[in-house]
Amino acid sequence: MTTSEDFSLIVNGRRRAVLDALPGESLLFVLRERLGLVGSKNACEEGECGSCTVRLDGETVCSCLVLAAAAADREVVTIEGLASENAVLSDVQQAFQDAGAVQCLSLIHISEPTRPRLISYAVFC
């Protein structure tokens with residue numbers, strides 16, 4: 001018999017309850033399936049592609065490789081969390097939209113994100 005657990009995550013600045021999570025559920029699964037945040041994508045499930053990248057306490061991680069319970073009470077920022085409060089797209093989100101790109105690890109590491117630079121990274125992901 002598998003025991004479920006309850007915990008909370010701080011996602012995009014808001015505390016979110018996770019109820020009845022199974023011990024092996026990834027952070028990616030919880031974000032997408034339990035919390036409805038589908039911006040992080042499930043592609044390789046090996047931490048190679050970067051489509052599931054989130055920030056965890058300020059560090060870039062592949063959410064497919066992090067157990068959700070290990071992120072309990074920690075700060076998680078997803079691509080959805082990059083928008084400003086007035087729903088204007090951030091430069092990263094706009095570059096994704098303009099290029100028709102999916103999230104990619106290389107975008108998280110741009111030190112000086114100018115709009116043309118973001119679009120060029122988004123195109124080559």
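These are my notebook entries on a predicted model of one protein chain.

**Ground rules.** I kept the sequence numbering, from 1 along each chain as written, and heavy atoms for side-chain values, leaving out hydrogens and water. Since the model is predicted, local features need pLDDT of at least 70 and side-chain atom pairs count only at pLDDT 80 or more, while totals for chains, interfaces and linings use all residues.

**Layout.** I looked up the elements. The chain has four helices and five strands. I took both as DSSP runs, numbered from the N terminus: helices are H or I with at least four residues, strands E with at least two. From the N terminus on, the order reads β-β-α-β-β-β-α-α-α.

**Sheet.** Next I traced the strands. The five form an open sheet in the order β2-β1-β5-β3-β4, with mixed pairing. Strands pair here if DSSP finds at least two bridges between them. β2 and β4 are the edge strands, each pairing on one side only. From one strand to the next, the twist averages 40 degrees. I then checked β1 against β5: they pair in the parallel sense over two bridges. Ile10 has Glu75 of β5 as its bridge partner.

**Helix α1.** I went to residues 27–34. Leu27, Leu28, Val30 and Leu31 are the buried residues of this helix. Buried means under 20% relative accessible area, exposed over 50%, and partly exposed in between, with a 1.4 Å probe and protein chains only. The buried residues of α1 pack against β1 (5–11), β2 (14–21), β3 (53–56) and β5 (75–77). α1 lies across these strands and runs at about 100 degrees to β2. That angle is between N-to-C directions, on a scale from 0 to 180 degrees, with axes fitted to C-alpha atoms, for helices over the stretch in contact. Just after α1, Gly36 takes a positive phi of about 75 degrees.

**Core.** Which residues have the most contacts inside the largest nonpolar core? I noted Leu9, Val11, Val18, Leu27, Leu31, Leu35 and Val76, in a core of 17 residues. β1, β2, α1 and β3 are the elements that give two or more residues to it. Such a core is a set of buried Ala, Val, Leu, Ile, Met, Phe, Trp, Tyr and Cys residues joined through side-chain atoms within 4.5 Å. In soluble globular proteins, nonpolar side chains tend to be buried together. I followed Val76 further. Leaving out residues up to four places away in sequence, Val76 touches Ile10, Val11, Asn12, Leu27, Leu31, Val54, Arg55 and Leu56. A contact is heavy atoms within 4.5 Å.

**Salt bridges.** I found three. The criterion is a side-chain nitrogen of Lys or Arg within 4 Å of a carboxyl oxygen of Asp or Glu.

- Arg15 pairs with Asp73, closest N and O atoms 2.8 Å apart. The pair links strand β2 to the loop between β4 (59–62) and β5, 58 residues apart.
- Arg74 pairs with Asp57 at 2.7 Å. Arg74 sits in the loop between β4 and β5, Asp57 in the loop between β3 and β4, 17 residues apart. Arg74 is partly exposed at 30% relative accessibility; Asp57 is partly exposed at 41%.
- Glu25 pairs with Arg34 at 2.8 Å. Is Glu25 buried or exposed? Glu25 is buried, at 9% relative accessible area, whereas Arg34 counts as partly exposed at 34%.

**Whole chain.** Last, I noted the totals. Of the 125 residues, 37% are buried. Among contacts with a separation of 6 or more, 42% join residues 24 or more positions apart.
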